[in-house]
Structures are given as C-alpha cells and as structure tokens.
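Here is a short report for a first look at this structure.

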Amino acid sequence: MEIPEEQSEIYETAKGILEKLLELMDLPATVTLSEEFTSIDEEGNTTSIGLNIEGEDLGILIGRRGQTMVSLQHIVRLIMTHHTEERLPIVLDVEGYKQRRCDGLRVLAMRLAEQVNTRKMPFAMEPMTPFERRVIHLALADHPDVMTESTGVGDSRKVVITPKKIPHY
Amino acid sequence: MKDLVEYIAKSIVNEPDAVNIEEETNDEGITLKLTVADDDKGRIIGKQGQIAQAMRTLLRVKAAKAQTRVRLEIM
C-alpha cells in the first residue's frame, strides 16, 4: 500500500512527531504504516493514516483497555493540527493491538446480531471507546435483521443491538 | 521528564517561547511545574482537562520505566 504523493508529507510529519515522542519517552520502537487503519477513497485521496508502533515490551504503551495508546494518539493529533492545515485522522496502533481488537469486535458483533435476531430482544454491549463503537456500528450497518445505536454518556456509552422487526403479539 | 513535556507543550501553544518548566525532585518523585502564556493555558489543559490528562498518562509511562513517580502541575 502506498500513500498518494499529495498526502505522503502528512504521513512523514505524523511519523516524525510520533518517533520524537517515543524517543522522549525512552521507548525504543519503530513506526511503520498500518495498512489496516490507512484508508484511501475511490478518488485516490487518503482519508485516514494509520501508524503501527513496533518494539519490545510495548504493553506499557497500550495501557489498560488501550487507554495509554489513546492518550498518545490524542497528543499526536493535537501537534499535527497545530502544524498543518490538513485535517486527516491519524490512527495509532501498538503491535497490532487495535487491529486484533477490531477483528475480535467484528466477530462478536456478528455473533450477538444472530442472538438478538433469534431472541427478538435488544442486547446492550459493554461500554466502549468511540472508535470501538464505530467498529460495531460499521460491522452491522448492512445487517438485514438488526440495527445498532449508542446510548449513555461519557465513559459508560455503549452500543445496543436491536432487532429490526419486533414481533406483534 | 522535562524534555517530554517541553516538546509537547511547545508544539501545541501559540507562544512556544513563553513555555517554561521547572523540575524538582524529592522523596516522592519528580514534580514538573509548567508555565505557559495566559492565552495558551486552555491549549495545555484542554476540554475537561483532556490534554493535561493525556500528558500525565505519557509521563506515567516514562516514570514507570525509570521506576519513579512524576507529578505535572500547571501553574
């Protein structure tokens, strides 16, 4: 996968900022393009840039439920917006953690959808981050039998999977 | 510890020259006192303290590796 030329500068800038932060945190690590989280639309424009951090003992950088990774991503995005005009989402991953989590969430979403459809009862999932909820919503967006919505506020916001057809008694 | 906060702070404020950090070490660990231009305070703290919190999270990682504790105070 190649980043189109017009956006390669943004990729290099983001990579540079991240490498600088990791160096200042005394974490020896390498940063590579994450194909999973880099997306390019039909016109060939990049719509998000994914960066994967690889190295030894990086569990500390993931943190509980990936919270440390979220903080790092927040800082990288902030520095980016302060330096460039372009507003491109930068998505960080550590050792493919987020990718595995997303794969797991998609499998879980499909299984729960089946269950909801069989039982004809809504099901509320565990609270999740906005990014994780988005994965669930997207996974079930075209599902013929169920729909999804998020309820709750702040850290307790969660996805509820509901059957599309509620039987009439 | 100081250089990490300095890099982040200088990269997100409008007046990088006004960024100043004092580092103090005592029995409980390291305390960082961050001062920025008045107009930049919001940029350092963020909505509901989100940015300050994110900086503290990254500091905690570095402190854990160095087996110490670190406090970040925004003056």
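## Confidence

What is the mean pLDDT of chain B, and what share of its residues reach 70 or more? The mean is 93, and 100% of the residues of chain B reach 70 or more. Here pLDDT is the predictor's confidence in each residue, from 0 to 100. For chain A the mean pLDDT is 90, and 98% of its residues reach 70 or more. Among the elements of chain A, strand β2 (residues 39-40) has the lowest mean pLDDT, 87. Strand β7 (residues 158-163) of chain A has the highest, 96. Helices (H or I, at least four residues) and strands (E, at least two) are DSSP runs, numbered from the N terminus. For the complex, the predictor gives an ipTM of 0.92 and a pTM of 0.86.

This is a predicted model: local features need pLDDT of at least 70, side-chain atom pairs count only at pLDDT 80 or more, and totals for chains, interfaces and linings use all residues. Residues are numbered from 1 along each chain as its sequence is written, chains are lettered from A and ligands numbered from 1 in the order in which they are written, and side-chain values use heavy atoms, with hydrogens and water left out.

## Where the chains meet

Chain B touches chain A through 18 residues, and 18 residues of chain A are in contact with them. Contact means heavy atoms within 4.5 Å. The size of an interface is often given as the accessible area lost when the parts come together. Between chain B and chain A, about 1700 Å² is buried, 76% of it on carbon and sulfur atoms. B:Y7, B:L58 and B:V61 supply 33% of the area that chain B buries against chain A, more than any other three residues. Buried area is the accessible area (1.4 Å probe) that two parts lose on being put together, summed over both.

Across this interface the rule finds zero salt bridges. A salt bridge is a side-chain nitrogen of Lys or Arg within 4 Å of a carboxyl oxygen of Asp or Glu. The rule does find eight residue pairs in polar contact, both at pLDDT 80 or more. A polar contact is a pair of N or O atoms within 3.5 Å; within protein, one must be able to donate a hydrogen and the other to accept it, and residues adjacent in sequence count only if both atoms are side-chain atoms. On the side of chain B that touches chain A, the elements giving two or more residues are α1 (2-12) and α3 (50-65) of chain B. α3(B) gives the most, with 10 residues.

## Two domains in chain A

Chain A is divided into domain 1 (5-95) and domain 2 (99-163). These bounds come from an automatic or database domain assignment. The C-alpha centres of the two domains lie 26 Å apart. Seven residues from domain 1 and eight residues from domain 2 take part in the contact. About 590 Å² is buried between them, and carbon and sulfur atoms give 41% of it. In domain 1, A:E36, A:F37 and A:R65 lose the most area to domain 2, together 61% of what that side buries.

One salt bridge is counted between the domains of chain A. A:R106 forms a salt bridge with A:E36, with the closest N and O atoms 3.6 Å apart.

## Salt bridges overall

Over all chains, the count comes to nine salt bridges. One of these joins the side chains of A:K15 and A:E19 (3.2 Å, N to O). A:K15 and A:E19 are four residues apart in helix α1 (residues 5-24) of chain A, so about one helical turn separates them.
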